[in-house]
Amino acid sequence: MKHIILSVVLIAGITITACTQTKSDNKVTQQTNSTTVASTTNEGKVIKMDKAMFIEKVFNYEASPDKWVYLGDKPCIIDFYADWCAPCRKIAPIMSELAEQYKDDLVIYKIDTDKEKELAGVFAIRSIPSILYCPVEGQPTMTMGAASKADFEKMINDILLKKTVSAN
């Protein structure tokens with residue numbers, strides 16, 4: 001079941017600062033931001049995702065454990081995060097901006113690795129934030145760590161939208 005997922009390509013082109021998957025006793029209060037509710041009709045918003053929604057909207061790894069079959073009609077980004085993770089909180093507003101900016105072209109989801117341990121395990125998430133880029137056709141790509149908005153835009157354009165953007 002995990003064979004196809006474990007073959008996800010890791011991109012090393014982004015400088016990463018990641019939390020480990022070990023929860024400290026020192027909990028950090030969840031940051032309030034514009035990331036959002038578990039409704040798939042929230043175009044332009046980051047959508048919280050659970051296992052059932054993942055299986056319905058992204059990839060049914062139970063029915064197709066050996067072959068990646070993307071179920072969405074738009075490419076998506078999945079942000080694997082935890083509330084206590086400082087780099088995760090740092091990129092949350094960036095993800096919200098990107099969700100609004102690319103609302104016609106892609107969907108951005110977020111998965112709480114503390115609540116969705118099975119999904120974190122399926123993707124072998126060992127550090128967070130981990131970002132999964134899922135094109136409509138082809139294999140997904142995983143990156144780890146916080147990045148700048150410009151770096152995320154480059155990944156979106158290169159992997160999901162297959163556009164090259166000139167540097168200004």
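This is a predicted model: local features need pLDDT of at least 70, side-chain atom pairs count only at pLDDT 80 or more; totals for chains, interfaces and linings use all residues.
Student: Which residues does a cis peptide bond join?
Tutor: Most peptide bonds are trans. An exception involves a proline placed in the loop between strand 6 (127-128) and strand 7 (130-134). With omega at about 0°, the cis bond joins Ile-128 and Pro-129.

Student: Which elements are included in what covers the buried residues of helix 5?
Tutor: Helix 5 comprises residues 149-160. Its buried residues are Phe-152, Met-155, Ile-156, Asn-157, Ile-159 and Leu-160. The covering elements include strand 4 (76-81), helix 3 (86-101), strand 7 and strand 8 (141-144).

Student: By about how many helical turns are Asp-158 and Lys-154 separated?
Tutor: The side chains of Asp-158 and Lys-154 meet in a salt bridge, with an N to O distance of 2.5 Å. Because these residues are four apart in helix 5, the separation of Asp-158 and Lys-154 is about one helical turn.

Student: Is Glu-56 buried or exposed?
Tutor: Glu-56 forms a salt bridge with Lys-57, the closest N and O atoms being 3.6 Å apart. Lys-57 is partly exposed at 27% relative accessibility. Residues over 50% count as exposed. Since its relative accessibility is 53%, Glu-56 is exposed.

How values were computed
Residues are numbered from 1 along each chain as its sequence is written. Side-chain values use heavy atoms; hydrogens and water are left out. Helices (H or I, at least four residues) and strands (E, at least two) are DSSP runs, numbered from the N terminus. The expected span of a helix is 1.5 Å times one less than its number of residues. Buried means under 20% relative accessible area, exposed over 50%, partly exposed in between (1.4 Å probe, protein chains only). Contact means heavy atoms within 4.5 Å. A salt bridge is a side-chain nitrogen of Lys or Arg within 4 Å of a carboxyl oxygen of Asp or Glu.
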